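Thanks, everyone. I'll take this one piece by piece, with the structure up on the screen.

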Amino acid sequence: MVGEKKKKYESGSATAYMSRNQAIKKLQLNLADFRRLCILKGIYPHEPRHKKRVGKGSTAPKTYYFAKDINYISHEPIINKFREFKHFVRRLKKAINKRNTDAANRIRANKPKYKLDHIVKERLTVEFMHYVIASKSLRKVFISIKGITQAEIMGQTISWVVPHKLGYDVYTLFKTGSTS
């Protein structure tokens with residue numbers, strides 16, 4: 001039995017990268033919001049090794065991102081906040097153009113707010129873990145559902161809790177009672 005022939009540009013580096021326009025279409029954002037999101041999440045463009053393979057035969061200058069990075073930020077809740085803010089601006093402009101000051105004031109009072117706490121926490125956690133690795137200061141690790149970790153940084157012993165993924169999955173299995 002003969003295997004199926006591989007189709008061109010459907011595997012390998014051609015699928016590992018995504019152009020900026022493809023990413024913008026996938027995330028349904030405009031360029032300004034996409035750039036803002038990439039800066040907040042720490043995602044940067046990458047130069048592929050085989051530009052011709054990634055560009056599907058074209059060598060035109062394009063900005064490429066890892067497809068896994070774009071998939072990662074596609075689940076970010078702040079994207080919905082960007083959309084809510086666009087909707088707010090549209091409603092406000094419409095009320096102002098109609099010279100409806102009551103509606104404009106009511107809309108201004110309900111201006112959407114978004115917090116960057118979770119992004120900052122995520123980024124500082126990653127930086128801290130890199131520091132612990134680079135300084136070789138890890139001392140004790142207790143792997144359990146809780147997952148307690150200890151490091152000695154500048155003479156101080158610091159303990160923190162990082163749940164172990166496997167232990168957490170097993171815990172939720174037993175808690176819910178499902179075995180599938």
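A definition to begin with. Buried here means under 20% relative accessible area, and exposed means over 50%. One more thing before we look: this is a predicted model.

Start with helix α7, residues 101–109. Which residues of α7 are buried? They are A103, A104 and I107. Why do they sit on the same side of α7? Because they cover an arc of only 100 degrees around the axis. Now turn to the other side of α7. There, T101, D102 and A109 are exposed. And what covers the buried residues of α7? The cover includes α6.

R99 lies in the loop between α6 and α7. Its phi is positive, about 60 degrees, although R99 is not a glycine. Most residues other than glycine have a negative phi. R99 counts as exposed, because its relative accessibility is 75%.

There is another case of this kind. Q28 is found in the loop between α2, residues 20–27, and α3. The phi of Q28 is near 55 degrees, again a positive value in a residue other than glycine. Q28 has 57% relative accessibility, so Q28 counts as exposed.

Helix α3 covers residues 31–41, and helix α6 covers residues 78–97. How do their axes cross? They come within 11 Å and cross at roughly 145 degrees. The crossing of α3 past α6 is right-handed. Who meets whom? From α3 we have D33, R36, L37 and L40. From α6 we have I78, I79, F82 and K86. By class, the residues of this contact are five nonpolar, three charged and no polar.

D33 belongs to helix α3. Is D33 buried or exposed? D33 is buried, because its relative accessible area is 7%, and the cut-off for buried is under 20%. Set aside its neighbours within four places in sequence, and D33 is in contact with F82 and K86.

Now the sheet. Three strands form an open sheet, in the order β3-β4-β5, and the pairing is antiparallel. β3, residues 138–142, and β5 stand at the edges. Each has a single partner strand, so one side of each is left without a neighbour in the sheet. Ignoring direction, neighbouring strands of this sheet are turned by 15 degrees against each other on average. Helix α8, residues 117–134, packs on the sheet. α8 touches β3, β4 and β5, and its direction makes about 65 degrees with that of β4.

Let's walk through the pairings. β3 and β4 run antiparallel, joined by four bridges. β3 and β4 make a hairpin with five residues between the strands. In that hairpin, G147 takes a positive phi near 75 degrees.

On to the other pairing. β4 is residues 148–153 and β5 is residues 156–161. How many bridges pair them? Six, in the antiparallel sense. T149 stands opposite W160 in β5. E152 has T157 in β5 as its bridge partner. β4 and β5 also form a hairpin, with two residues between them. M154, in the turn, has a positive phi of about 55 degrees.

Stay on β4 and look at its faces. In a regular strand the side chains alternate between the two faces of the sheet. Which side chains of β4 are buried? T149, A151 and I153 are, and they point to one face.

P163 lies in the loop between β5 and α9, residues 165–176. P163 counts as exposed, because its relative accessibility is 52%, and the cut-off for exposed is over 50%. What does P163 contact? Leaving aside neighbours within four places in sequence, I145 and K146. P163 and S144 are 19 residues apart along the chain, and their C-alpha atoms are separated by 7.3 Å.

That's the tour. Over to you for questions.

Methods: Residues numbered from 1 in each chain as written. Predicted model: local features only at pLDDT ≥ 70, side-chain atom pairs only at ≥ 80, totals over all residues. Heavy atoms only, no water. Axes fitted to C-alpha atoms, helices over the stretch in contact; angles between N-to-C directions. Left-handed = near helix turned anticlockwise from the far one by under 90°. Contact = heavy atoms within 4.5 Å. Nonpolar A, V, L, I, M, F, W, Y, C, P; charged D, E, K, R; others polar. Pairing = 2+ DSSP bridges. Buried < 20%, exposed > 50% of the residue type's maximum accessible area, 1.4 Å probe, protein only. Arc of directions from axis to C-beta.
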